[in-house]
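Visitor: Could we go through this one together, a piece at a time? I'll ask as things come up.

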Amino acid sequence: MRLLTFDIEDWYNCDFIDNDFNWDRHEVRIYDSVQRILDELERRKIRGTFFCLGWLAEKHPDVIKSIDQYGHHIGCHSYQHELSFRFTQNEFEQDTNKAKKLLEDIIGKEVNAFRAPGFSITSKNLHCFETLLELGFKYDASVFPASHDYGGLPEFGISEPFIIETKSGILKEFPMNVHQVFNKNIVFSGGGFFRLLPYPLIKKFTNDTEYLMTYFHPRDFDTGQPVIKSLPAMRKFKSYVGIKGAFKKFNRYLSDFNFLDIEEADKQIDWKNSKIIKL
């Protein structure tokens with residue numbers, strides 16, 4: 001099972017450092033970046049899950065409309081793209097609910113899937129899962145089962161779909177998958193590692209993986225985007241390495257493997273025999 005997902009945010013949204021949310025001043029590149037992805041997926045008749053920012057829904061609703069009109073599954077990626085653990089439980093609820101309603105107003109249907117910015121649900125803010133259920137979400141894709149710059153839940157240790165059980169009900173979790181390289185768990189199916197690693201290695205890792213969760217961003221393929229100079233050196237490297245050849249590599253990936261969105265994957269999973277984590 002290989003899932004195709006995207007985090008829909010513009011080039012300036014990858015900055016978690018300066019907390020400057022005056023985004024209206026930035027060059028808008030999201031339209032062309034998203035359309036390039038949509039055109040390629042339409043040519044191949046592939047559908048994916050697109051986790052969209054509420055801020056983009058508010059400022060650039062036509063981007064969200066286009067994704068929906070092409071038949072893709074719309075998910076929520078928060079409103080402000082703030083790291084979830086920086087919120088109180090109430091603030092997380094307000095931010096997520098705001099984004100969910102904005103997206104639903106645009107597409108005219110329920111938004112049932114969520115992914116936290118930066119995979120920022122950790123052992124210290126597990127209450128987020130309960131909040132998601134209370135807001136009506138059915139799926140989550142926030143679990144990063146390894147160490148991560150901005151989050152990670154290595155203690156869960158699960159790289160396959162599983163169930164999170166809270167007092168509010170059950171949430172179907174679609175985590176990232178990890179691959180061990182030199183005793184280190186890495187995620188190769190998106191972000192910096194996908195852009196950095198040679199394609200034959202990505203292909204080999206994918207063939208070795210029974211469950212695969214991808215995560216791409218429009219900026220992963222945008223060679224003309226401005227560089228955020230204030231980023232620390234390592235974060236800057238991770239954000240911009242390999243962009244030049246990334247779309248060609250992405251196309252090879254789409255040619256070599258079959259992908260589906262989260263709603264279609266849900267239909268194929270025997271949830272009765274899935275692992276359960278009780279909170």
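Visitor: To begin, which side chain does glutamate 82 meet in a salt bridge?
Guide: This is a predicted model, and in it the side chain of glutamate 82 meets that of arginine 86 in a salt bridge, with 3.0 Å from N to O.

Visitor: Is glutamate 82 buried or exposed? And what about arginine 86, buried or partly exposed?
Guide: Glutamate 82 counts as buried, because its relative accessibility is 10%, under the 20% cut-off. Arginine 86 is partly exposed, with a relative accessible area of 37%.

Visitor: How many salt bridges are there?
Guide: The count comes to 20 salt bridges. Among them is the one between the side chains of glutamate 40 and arginine 44, at 2.8 Å from N to O. Both of those residues lie in helix 1, four residues apart, which is about one turn of the helix. Glutamate 40 is buried at 11% relative accessible area, whereas arginine 44 is partly exposed at 23%.

Visitor: And lysine 203, which side chain does that one meet in a salt bridge?
Guide: The side chain of lysine 203 meets that of aspartate 256, with 3.8 Å between N and O. This pair links distant parts of the chain, since lysine 203 belongs to helix 7 (residues 199-207) and aspartate 256 to helix 9, 53 residues apart. Lysine 203 is partly exposed at 34% relative accessible area, and aspartate 256 is also partly exposed, at 35%.

Visitor: Which residues are linked in a network of salt bridges?
Guide: Glu27, Arg29 and Asp222 are linked in such a network.

Visitor: Let's change topic. Which residues of helix 3 are buried?
Guide: In helix 3, which runs over residues 61-69, the buried residues are Val63, Ile64, Ile67 and Asp68. Seen down the helix axis, these buried residues fall within an arc of 130°, so they line one face of helix 3.

Visitor: Which glycine follows helix 3?
Guide: Helix 3 is followed by glycine 71, which has a positive phi, near 90°.

Visitor: What is alanine 246 in contact with?
Guide: Leaving aside neighbours within four places in sequence, alanine 246 is in contact with Phe194, Arg195, Asp220 and Phe221. Alanine 246 lies in helix 9 (residues 246-256), and this alanine is buried, with a relative accessible area of 0%.

Visitor: Last one, which residues form a nonpolar patch on the surface?
Guide: Phe193, Leu196 and Phe237 form that patch, and together they have about 270 Å² of accessible area. One of them, leucine 196, lies in helix 6 (residues 191-196) and counts as partly exposed at 42% relative accessibility.

Note on methods. Residues are numbered from 1 along each chain as its sequence is written. This is a predicted model: local features need pLDDT of at least 70, side-chain atom pairs count only at pLDDT 80 or more; totals for chains, interfaces and linings use all residues. Side-chain values use heavy atoms; hydrogens and water are left out. Buried means under 20% relative accessible area, exposed over 50%, partly exposed in between (1.4 Å probe, protein chains only). Helices (H or I, at least four residues) and strands (E, at least two) are DSSP runs, numbered from the N terminus. The arc is that of the directions from the helix axis to the C-beta atoms. Patches are made of residues with over 30% relative accessible area and no salt bridge: like charges are joined within 9 Å, nonpolar side chains (Val, Leu, Ile, Met, Phe, Trp, Tyr) within 5 Å. Accessible areas come from the Shrake-Rupley method with a 1.4 Å probe; for residues, only the protein chains shown count as cover. A salt bridge is a side-chain nitrogen of Lys or Arg within 4 Å of a carboxyl oxygen of Asp or Glu. Contact means heavy atoms within 4.5 Å.
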